[in-house]
Amino acid sequence: LLADVIVVNNDEISEKEQVTVLSDNLNPIRITSKERTIADVLKPASRIEEEVKVSALKRYIADPQANVNRLRRIASKQGVGKILDDYLARYLKEG
């Protein structure tokens, strides 16, 4: 099962960029927030396929709990603010 785990970033992650969810065995585990995850996959070093990046961003924006200002703040902090803005301008106008 752990073979499916890929470490994208090994830096310390602030508490504000984490959420706690329950595993399949009902154990609490900490994972990165949706916003931090999107910022991480937008990093050039992530090597995530383009269609996965676009799909993740579109799904996030469609979520009623999406907070684009928070996403922009975290993306800027991670050094991918310009990349995020490019994606928002390019793909989200398509609907």
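Lys82 and Asp86 sit four residues apart in helix α4, so about one helical turn separates them. Helices here are DSSP runs (H or I, at least four residues), numbered from the N terminus. Lys82 and Asp86 form a salt bridge, with the closest N and O atoms 2.9 Å apart. A salt bridge means a side-chain nitrogen of Lys or Arg within 4 Å of a carboxyl oxygen of Asp or Glu.

A word on the source. This is a predicted model, where local features need pLDDT of at least 70, side-chain atom pairs count only at pLDDT 80 or more, and totals for chains, interfaces and linings use all residues. Residues are numbered from 1 along each chain as its sequence is written, and side-chain values use heavy atoms, leaving out hydrogens and water.

Back to the pair. Lys82 counts as exposed because its relative accessibility is 60%. Asp86, at 34%, counts as partly exposed. The cut-offs: buried is under 20% relative accessible area, exposed is over 50%, partly exposed is in between (1.4 Å probe, protein chains only).

How many salt bridges does the structure hold? Six. Another joins Arg72 and Asp85 (2.9 Å, N to O). That pair links distant parts of the chain, with Arg72 in helix α3 and Asp85 in helix α4, 13 residues apart.

Arg36 and Asp40 meet in a salt bridge (3.1 Å, N to O). Are they buried or exposed? Both are buried. A network of salt bridges links Arg36, Asp40 and Lys43.

Last, Leu42. Beyond its neighbours within four places in sequence, Leu42 is in contact (heavy atoms within 4.5 Å) with Lys53, Val80, Ile83, Leu84 and Tyr87.

Technical notes. Helices (H or I, at least four residues) and strands (E, at least two) are DSSP runs, numbered from the N terminus.
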